[in-house]
Amino acid sequence: MSAAAPRVTVPPRATAAPRVTPEQVAHYDRPGPRYTSYPTAVEFNDRFTAADYEARLAQADARGDAPLSVYTHIPFCAERCLFCACHVIASPLGTRVTEPYLAHLFREIELVAARLPRRRRVAQYQWGGGTPTYLSVAEIHALLDHFERFFRFEPGAEIAIEVDPRVTTAAQLRALRDRGFNRISLGVQDLDAAVQEAIGRVQPVPVTAATVQEARRLGFRGINVDLIYGLPNQTLESFAATVDSVIALEPDRLAIYSFAFVPWLKGNQRKLATDVLPDRDTKIALILAARERLLAAGYRAIGMDHFAKPDDELSLALDGGRLRRNFMGYTVQEAPDMIGFGVSAIGQVQGAYVQNHKKLTGYYDDLDAGRLPVERGYAMSADDVLRADVIQALMCDFAVDRATIERRHNVDFATYFASELAQVQALAAEGLAEVGPDAIRVTPLGELFVRNLAMCFDRYLAAAQAGAKPRFSRTI
Ligand SMILES: C[S@@+](CC[C@H](N)C(=O)[O-])C[C@H]1O[C@@H](n2cnc3c(N)ncnc32)[C@H](O)[C@@H]1O
Ligand code: SF4
């Protein structure tokens, strides 16, 4: 592990964390979406079927040879971490779960490729999970061989993977790099022993450090580390030490996620000790202190929860207005259609969200019958597309340029969003934004509560929250 100073030291945006009072924290802490999509997945429904997906794929094919984004979900993990909210199938390593899974995934690739005879170029490709490095080296090659029988990577394509350092070997990293993977993200969460114990994920620092170093040696770029704040047993001191240790590893990027505590959705989270969860004032203090340390170390704050070195592509995308938010978090501008492969995978094709079956049985049954394995989806209206654009601008650029929105969507901003603007004005009066004739600008304080600002433009939120069942994690 290197303790050398970070390579780049220019923090172009805010240089210090904003001041925030406990009253403000209490005031803005409420359930709310993280807006990795708009409308959120809560609105997806089974009226959108495989036939609808087929129609969207036909439209996508009619666009000719435009490059695609492709996401592939590998759901397996050797063990389930107690905090985890991802779509995961826990199965000890060495069990033969991957054999039938890959056979079905191959079938899905064939079915989709048959509907996209003209769309075979791929500009962005990502494996997520679960833990994609649950696959053996031979399986990694087999999946890529099959994919590349139908699709081809563009020169300079972004080919990315999420790995769990605890199960990822140097041989796997080598194979991935040899096959063209060039971006990597490591799950870390927290380096403190008491926190790791509480979340059921013991990951010694040297394991993380070795993976970062090997990835860098092999030439991966955009090396990212995921951390989470708000986990059991975290204290200001322990989390500061985690952040400092991660800074010493010099990743290109960090994602520091707010812990999404959704025990009504995720049974594994019910096993967490809730009496040692940090309260909301501590939680906000954790991210503010982390932010201060990262800015001082030369990282830039990107969007709601990411940090990147100034020469990293995320920083460059922010400057160039190409930063986007999707199901994987912040990303550089994507190709216009994103195909999702694998159980529970979500794609976005020609103005529709499409989600595959979340259970293996449903996924396998459809593919065995030769059907696209669609469980649900959502066809966006023109109003959805407009609001998604405004919410993207808030979440990515911390600013909404009214003229741009008016030009793109042929609306008068002030008239169309009269009631939304009144809500934003109220938050602006509290210091979260500045509302001018040309733009809405999020203030440094508002950056912390940007979900609350985005919620003003969400026309489904009130209905989604009206039911007895909780839907979203809290904004703090
Ligand atoms: C698919 S996992 C990363 C790869 C690999 N499985 C691992 O854990 O190392 C994606 C990331 O989601 C984040 N995550 C999972 N559950 C979360 C939760 N409840 N709240 C916030 N972030 C969460 C974690 O930071 C995790 O690294
Ligand atoms: S955090 Fe990663 S390793 Fe842990 S259960 Fe979730 S997906 Fe699996």
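This is a predicted model: local features need pLDDT of at least 70, side-chain atom pairs count only at pLDDT 80 or more; totals for chains, interfaces and linings use all residues.
Biologist: Which peptide bond is cis at G130?
Modeller: Start with the general idea. Most peptide bonds are trans, and most residues other than glycine have a negative phi. Now the case here. The bond that joins G129 and G130 is cis, with omega about 25°.

Biologist: Which peptide bond at P39 is cis?
Modeller: The one from Y38 to P39, where omega is near -10°. P39 belongs to the loop between α1 and α2, the latter spanning 50-61.

Biologist: Let us turn to phi. What is the phi of Y35?
Modeller: Near 50°, a positive value in a residue other than glycine. Y35 is placed in the loop between α1 and α2. Q350 also has a phi near 50°, again positive and again not in a glycine. Its loop runs between β14 and β15, with β15 at 352-356.

Biologist: Is Y35 buried or exposed?
Modeller: Read the relative accessibility against the cut-off: under 20% is buried, over 50% is exposed. Y35 has 4%, so Y35 counts as buried.

Biologist: And E23, buried or exposed?
Modeller: E23 counts as exposed because its relative accessibility is 56%. E23 is in helix α1, residues 22-28. E23 and A426 are 403 residues apart in sequence, and their C-alpha atoms are 16 Å apart in space.

Biologist: Next, a histidine. Where is H146 found?
Modeller: In helix α4. H146 has a relative accessible area of 7%, so H146 is buried. Its side chain also has a partner: a polar contact of 3.1 Å joins H146 to the side chain of E110.

Biologist: On to the ligands. Which residues come nearest to ligand 1?
Modeller: F83, Q189, R201, D226 and A260, out of 20 residues around ligand 1. By class, that shell divides into nine nonpolar, seven polar and four charged residues.

Biologist: How much of ligand 1 does the protein bury?
Modeller: Compare the ligand alone with the ligand in place. Taken alone, ligand 1 exposes 570 Å², and the protein buries 91% of that. The elements that give two or more residues to its shell are β5 (152-163), β6 (183-189), β7 (221-229) and β8 (253-258).

Biologist: What surrounds ligand 2?
Modeller: C77, E79, R80, C81, F83, C84, V88, G130, T131, D164, R166 and R201. By class, this shell has five nonpolar, two polar and five charged residues. F83 and R201 are also among the residues that come nearest to ligand 1.

Biologist: Which residues lie nearest the centre of the largest cavity?
Modeller: Y229, I287, M304, E447 and L448, from a lining of 20 residues. The elements that give two or more residues to this lining are α9 (280-296), α16 (444-448) and α17 (450-455). By class, the lining has eleven nonpolar, four polar and five charged residues.

Biologist: What volume has the second largest pocket?
Modeller: About 1000 Å³. It is lined by 41 residues, and R324, Q348, A388, D389 and Q392 are the closest to its centre. Elements that give two or more residues to the lining include β11 (323-326), β14 (346-349) and α12 (382-397).

Biologist: How large a share of the lining of the second largest pocket comes from α12?
Modeller: Nine residues, the largest share. By class, the lining of the second largest pocket has 20 nonpolar, eleven polar and ten charged residues.

Notes: Residues are numbered from 1 along each chain as its sequence is written. Chains are lettered from A and ligands numbered from 1 in the order in which they are written. Side-chain values use heavy atoms; hydrogens and water are left out. Helices (H or I, at least four residues) and strands (E, at least two) are DSSP runs, numbered from the N terminus. Buried means under 20% relative accessible area, exposed over 50%, partly exposed in between (1.4 Å probe, protein chains only). A residue is near a molecule or strand if one of its heavy atoms lies within 4 Å of it. Accessible areas come from the Shrake-Rupley method with a 1.4 Å probe; for residues, only the protein chains shown count as cover. Ala, Val, Leu, Ile, Met, Phe, Trp, Tyr, Cys and Pro count as nonpolar, Asp, Glu, Lys and Arg as charged, and the others, Gly among them, as polar. On a 1 Å grid over the protein atoms alone, a cavity is a set of points where a 1.4 Å probe fits but cannot get out, and a pocket is an open set with protein on both sides within 12 Å along at least five of seven lines; lining residues have an atom within 4 Å of a point. Grid points are joined across faces, edges and corners, and a volume is the space filled by probe spheres set on the points. A polar contact is a pair of N or O atoms within 3.5 Å; within protein, one must be able to donate a hydrogen and the other to accept it, and residues adjacent in sequence count only if both atoms are side-chain atoms.
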